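Some notes on the model follow, as numbered points. Please read them beside the coordinates.

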Amino acid sequence: SKITSDMTVPGSVEVPLAEFVLDKMRHRHGSKKLSDDQIGVLLATANKFKSDPRVDLFSRLLSGVYSTRTLSLVLRYSKAVDDAKVGPEYAKGADEAVTPGSVSLVRCLFALGQLEQDENTINAITKEATEVSSPMDPKAFKDGMVKTGYSAGDIPKIEKQWQCDEATARNSIRKIDFLMIVAENLTDAEEGIQ
């Protein structure tokens, strides 16, 4: 994969994602015409779904708006959110759903703590994610708690375990919104804006 090659090949130069995809398609399909046809299908599909925030993030990553480092970290944060065992389980990413799924704000904030990042960037992401998040409806919150082995009555206990207040425990955010916030803040940190 691109991230693996960028990170593991000593002395390698980071290649923009668009160039990497083009090269990968040419190697996979052998001929320029066949690879160009497949790239056309990929672009037509992306254009059809361009209003979807997941496609927007992908296009930003593909066009080089974000650095390879940011791409790598966004993918790591995405996995860390999916793997987190903290917070109610609403939709474990739900990236394959028609509508982007919401995840527990607590899981997102927990994921931030799992990966090394400077404190200013973490604080900026936390602030923005908290502002964008909203309370999950009571039934979804109850169901999410049950999926993780808790009940709504366990709130005092989980506040201590999860190191958050009840409002944060109840809040959710669309995973794609969280990842976009991460990407923007990582880019700002790289450019020295914050």
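1. Is Cys 108 buried or exposed? Cys 108 is buried, because its relative accessibility is 0%, where buried means under 20% relative accessible area and exposed over 50% (1.4 Å probe, protein chains only). Cys 164 also counts as buried, at 15%. The whole structure contains zero disulfides, a disulfide being a pair of cysteine sulfur atoms within 2.5 Å.

2. This is a predicted model, in which local features need pLDDT of at least 70 and side-chain atom pairs pLDDT 80 or more, while totals for chains, interfaces and linings use all residues. Residues are numbered from 1 along each chain as its sequence is written, and side-chain values use heavy atoms, without hydrogens and water.

3. Helices here are DSSP runs of H or I with at least four residues, numbered from the N terminus. Gly 30 follows α2 and has a positive phi, near 80°.

4. Ser 35 belongs to helix α3 (residues 32-48) and is buried at 0%. Leaving out residues up to four places away in sequence, Ser 35 touches Met 25, Arg 26 and His 29; contact means heavy atoms within 4.5 Å.

Notes:
Helix = DSSP H or I, 4+ residues; strand = E, 2+ residues; numbered from the N terminus.
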